[in-house]
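Please look over the sequence and the structure shown here, and then read the short report that follows.

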Amino acid sequence: MTIPLPRKTPVSAPHWEACQDGRLLVQRCTTCDQLVFIPRPGCTRCLTETLEWTESSGLGTVYSYTVVHRPQRPEFEAPYVVAIIALDEGWHMLTNLVDIAPDDVSIGLAVEVAFRVMSDEITLPYFRPRASA
Amino acid sequence: MARNLHDVAIVGAYHTEQAKRLDVAEPALLLDAMRGGLASAGLTAAEVDGVNASTWVSGIHAREAVQWLGGHPCWTGTGSPGIEAVLEAASAIASGQCDTVLIAAAQSGEYQDHSATVSWTRPSNEFVECWGLYTAAEFALIAQRHMHVYGTKPEALAEVAAAIRSNGARNPEAVMFGREVTPEDVLASRMVATPFHLFDCCINSEGGASLVLTTSERARDLDADPVYLLGGGMDRQGMSYTAAPLFDLHGRVGERAGKRAFSQAGLTPAAVDVAEIYDPFSFEVIRQLEVMGFCGYGEGGDFVMDGRIRTGGELPVATNGGLLSYSHAGLAQMLQKVTNSVRQLRGELPDALTVPDAKVALATNGGAGALFCDALLLGKEPA
């Protein structure tokens with residue numbers, strides 16, 4: 001049994017397909033420069049459909065986190081660390097932190113994306129402490 | 001004749017038996033809730049011309065409930081059970097679409113799978129589910145940031161959980177009746193998702209609830225003790241459990257609802273005698289006390305200490321035991337924040353939990369982890 005994997009939609013597919021190539025994509029509005037995540041059909045500031053996919057550095061810091069001891073489903077190995085990452089470009093995403101003991105996590109920790117192949121279709125963008133940190 | 005929100009009263013408030021698991025099918029439970037609400041109002045089915053009744057699992061909805069009520073209602077509401085449904089029904093009455101509305105909700109038969117967290121707490125969104133989130137984790141992400149920014153202490157969360165669970169322990173109708181819990185017990189209970197221990201998290205259970213709303217004019221002619229709508233508001237910030245629950249964006253959700261409610265009522269938080277704050281997790285009470293204006297931002301952790309939110313304190317909170325101890329039944333618990341407010345103002349609670357001479361009650365629904373928070377002010381006297 002594996003954890004539940006994303007079922008991509010026409011709107012989100014480019015994001016997930018880029019993960020398979022080791023790239024973290026976020027939508028950017030070419031009209032007003034707004035960064036949009038999670039993927040949407042239109043810009044959340046100016047409502048245009050002029051969104052393009054742009055590559056993120058994959059670098060950021062831990063904005064908030066929770067160490068989960070009671071897993072969502074038995075397939076998740078507890079404890080695991082759920083985190084919101086503040087990406088350097090000014091957007092946020094949910095993820096799990098890996099390669100770190102839960103007790104060592106703190107808000108503000110510098111992290112980087114770490115892709116893990118989950119299936120033929122899905123590679124997930126986990127985050128880990130930055131190598132230089 | 002033009003009416004407004006202040007011309008609407010609640011004349012019936014009822015809840016069914018609540019239990020971890022009820023051996024009652026949902027339709028029967030909903031019927032129980034509907035009959036109880038009408039009896040509490042001193043009304044018959046034939047006197048109801050508006051309805052919003054629904055079940056969680058079996059999907060009964062208002063259009064079907066019209067027929068259950070013999071076809072008398074001409075107006076149906078679709079608002080989710082809770083403050084949303086109350087404000088929708090009150091608006092329908094105020095705008096002359098109908099005069100008397102029965103709101104009811106019931107849930108049973110949901111819990112089957114004990115190997116995982118409760119099904120309705122698990123998200124399905126493609127950017128959430130794979131990271132192992134569920135409702136407790138969503139609310140934890142808000143709480144952790146609040147604790148980081150303001151220094152809110154785990155002891156404050158534990159005091160909230162213990163205060164509310166102590167109310168439930170003394171409420172014979174509560175699922176956790178007799179289960180007294182101290183702050184030390186909360187901190188010693190197993191960790192679910194930091195900073196939430198088991199006793200910081202609400203229970204899951206089954207049950208139903210109902211309300212009857214009518215015009216203040218009609219209320220005066222009924223053999224029922226009316227409670228008046230003073231003000232209400234909603235604060236909706238998006239779909240629950242999809243985008244990340246960012247404290248900077250959503251940490252003050254509910255502020256707009258509270259401001260509208262108090263403005264309509266012409267009151268300040270100082271006028272509130274009892275606060276039926278929505279309590280899915282202990283921390284959410286601290287946050288809502290801040291956004292509703294009972295204290296400043298960052299002061300909620302200190303505000304809840306020294307017995308202030310316990311019965312007998314300055315601002316009793318979740319006096320029936322709340323979601324933490326009384327019941328969390330699908331969506332009926334949202335209605336129960338309103339029914340318990342009504343019952344407090346009517347003096348229908350056990351003596352140990354009654355707030356003496358309560359004249360104004362605040363009910364809230366929702367929370368920051370779910371990106372919505374609604375507010376309703378009720379009064380023993382009209383506005």
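## Where the two chains meet

Across the interface of chain B and chain A, the rule finds two salt bridges. One of them is formed by R7(A) with E129(B), whose closest N and O atoms are 3.4 Å apart. Since this is a predicted model, such distances are computed from predicted positions. The same interface also holds 20 residue pairs in polar contact, with both residues of a pair at pLDDT 80 or more.

In terms of residues, 35 of chain B are in contact with 37 of chain A. The area buried between chain B and chain A comes to about 3,100 Å², and carbon and sulfur atoms give 62% of that area. On the side of chain B, the residues that lose the most area to chain A are E126(B), F127(B) and W131(B), which together account for 27% of what that side buries.

Which elements of chain B each supply at least two residues of the side that touches chain A? They are α4 (135-150), β5 (191-193) and α8 (247-250) of chain B, and the largest share, six residues, comes from α4(B). When the residues of this side of chain B are sorted by class, there are 19 nonpolar, ten polar and six charged residues.

## Two domains within chain A

The domain assignment of chain A gives domain 1, covering residues 10-55, and domain 2, covering residues 57-133. The C-alpha centres of these two domains of chain A lie 21 Å apart, and ten residues of domain 1 are in contact with 16 residues of domain 2. Between them, the two domains of chain A bury about 1,000 Å², of which carbon and sulfur atoms give 74%. In domain 1 of chain A, the residues that lose the most area to domain 2 are W16(A), Q20(A) and L24(A), together 48% of what that side buries.

Between domain 1 and domain 2 of chain A the count of salt bridges is zero, whereas the count of residue pairs in polar contact, both residues at pLDDT 80 or more, is two. Helix α1 (residues 13-20) of chain A gives the most to the side of domain 1 that touches domain 2, with three residues. The residues of that side of domain 1 of chain A divide into six nonpolar, two polar and two charged.

## A closer look at T152(B)

T152(B) lies in the loop between α4 and α5 (154-169) of chain B. Is T152(B) buried or exposed? T152(B) counts as buried because its relative accessibility is 7%, and buried means under 20%. The side chain of T152(B) makes a polar contact with the side chain of H146(B), at 2.7 Å. If its neighbours within four places in sequence are left aside, T152(B) is in contact with H146(B), M147(B), L157(B), I286(B) and G301(B).

## A closer look at Q264(B)

Q264(B) lies in helix α9 (residues 255-265) of chain B. With a relative accessibility of 33%, Q264(B) counts as partly exposed, a class that falls between the limits of 20% and 50%. Leaving aside its neighbours within four places in sequence, Q264(B) is in contact with L5(B), H6(B), L230(B), G231(B) and G232(B). The C-alpha atoms of Q264(B) and V285(B), which are 21 residues apart along the chain, are separated by 23 Å.

Technical notes
Residues numbered from 1 in each chain as written. Chains lettered and ligands numbered in written order. Predicted model: local features only at pLDDT ≥ 70, side-chain atom pairs only at ≥ 80, totals over all residues. Heavy atoms only, no water. Domains from an automatic or database assignment. Contact = heavy atoms within 4.5 Å. Buried area = accessible area lost by both parts, 1.4 Å probe. Salt bridge = Lys/Arg side-chain N within 4 Å of Asp/Glu carboxyl O. Polar contact = N/O pair within 3.5 Å; in protein donor to acceptor, adjacent residues only side chain to side chain. Helix = DSSP H or I, 4+ residues; strand = E, 2+ residues; numbered from the N terminus. Nonpolar A, V, L, I, M, F, W, Y, C, P; charged D, E, K, R; others polar. Buried < 20%, exposed > 50% of the residue type's maximum accessible area, 1.4 Å probe, protein only.
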